[in-house]
Amino acid sequence: MLPEYRIPLLVAVLTILVAQVSAQSTSSAVGAPATFDVASIRASADRSMQSESWMGIRTSGGTFEARSMSLKALVWFAYADRGSQRQMVTGGGGWIDSRDWDIVAKVDDPSLAGLSDTERTNRMRPLVKALLDERFHLRLHTETRPTPVYVLVQAKGGAKVKEVSAPPAVEGDWHEALKRFRTENPGKPFPGAIRCSSDGCTAKAMSMSKALGQIQGSSHADRMVIDETGLKGYDDFSFRMPTQDDDDAMGKIEEDLGMKFESRKVDLTTYVIDSAQLPTPN
């Protein structure tokens with residue numbers, strides 16, 4: 001299996017777009033369009049049959065693109081507060097849980113080209129909300145619920161990470177920058193990302209909060225993982241990739257990272273999907 005950069009489904013795919021900037025500060029530009037001009041939505045192909053190397057969500061200029069994303073992942077992108085981990089999306093059932101979607105949506109807004117990735121993401125979020133309302137007829141509400149989670153903390157002896165400088169800022173589209181880096185630096189991890197193969201995952205200059213999605217997925221955790229390691233900077237670290245039938249996946253990752261998964265119950269802001277319909281035709 002060739003190495004690839006994984007963008008985990010519900011949490012980490014969105015961690016690439018994590019921003020500590022309030023969405024309100026960048027989503028209310030005067031004269032900004034309220035909806036996309038055009039949007040294509042189709043059911044995703046089986047992942048094992050896909051030739052493309054990425055799945056997740058990205059924005060570039062006036063284009064929003066999602067690949068192999070569930071409706072819950074799209075709700076997370078559109079609604080979740082980028083500054084908080086204590087949120088989740090629930091509800092649905094049936095096709096909402098079993099189907100993924102490929103979306104390409106475009107808006108004619110030249111001002112988007114000059115924004116940072118964070119600013120552009122925040123400007124896109126209300127457009128995605130409108131798209132989910134129009135095409136999926138999404139209805140949801142929010143609740144605060146006490147929810148079982150795993151809290152990731154440092155083990156006795158400390159985390160097995162190496163603190164490093166922040167990765168350089170990415171110019172333009174993140175995925176295009178990744179492709180250029182892989183061509184120019186074969187076999188090397190991309191700064192600010194996590195590179196995984198069947199043997200393991202290696203993170204380069206990555207914050208622990210951004211790595212949570214991959215850690216959660218690789219550990220086969222059956223609930224949300226919240227970062228309370230106290231690691232606030234950027235680190236290099238690696239861990240083994242447990243197999244799907246590995247009953248000690250969490251233990252292996254705990255050992256490799258010098259961390260522990262603690263079971264707790266915390267209050268989460270929960271986005272509850274009340275109803276949705278299969279998207280209307282393109």
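User: Which handedness does the disulfide of Cys-196 and Cys-201 have, right-handed or left-handed?

Analyst: This is a predicted model in which local features need pLDDT of at least 70 and side-chain atom pairs count only at pLDDT 80 or more, while totals for chains, interfaces and linings use all residues. Residues are numbered from 1 along each chain as its sequence is written, and side-chain values use heavy atoms, with hydrogens and water left out. A disulfide, meaning a pair of cysteine sulfur atoms within 2.5 Å, joins Cys-196 to Cys-201 with an S to S distance of 2.1 Å. The torsion about their S-S bond is about 110 degrees, so the disulfide is right-handed.

User: Is Cys-201 buried or exposed?

Analyst: Buried means under 20% relative accessible area and exposed over 50%, with partly exposed in between, using a 1.4 Å probe and protein chains only. Cys-196 has a relative accessible area of 1% and is buried. Cys-201 has a relative accessible area of 1%, so Cys-201 is buried.

User: In the open sheet, in what order do the four strands stand?

Analyst: Strands here are DSSP runs (E, at least two residues), numbered from the N terminus, and two strands pair if DSSP finds at least two bridges between them. The pairing in this sheet is antiparallel, and the order is β2-β6-β4-β3.

User: Which strands stand at the edges of this sheet?

Analyst: A strand with a single partner has one side left without a neighbour in the sheet. That is so for two strands, and the edges are therefore β2 (38-43) and β3 (56-60).
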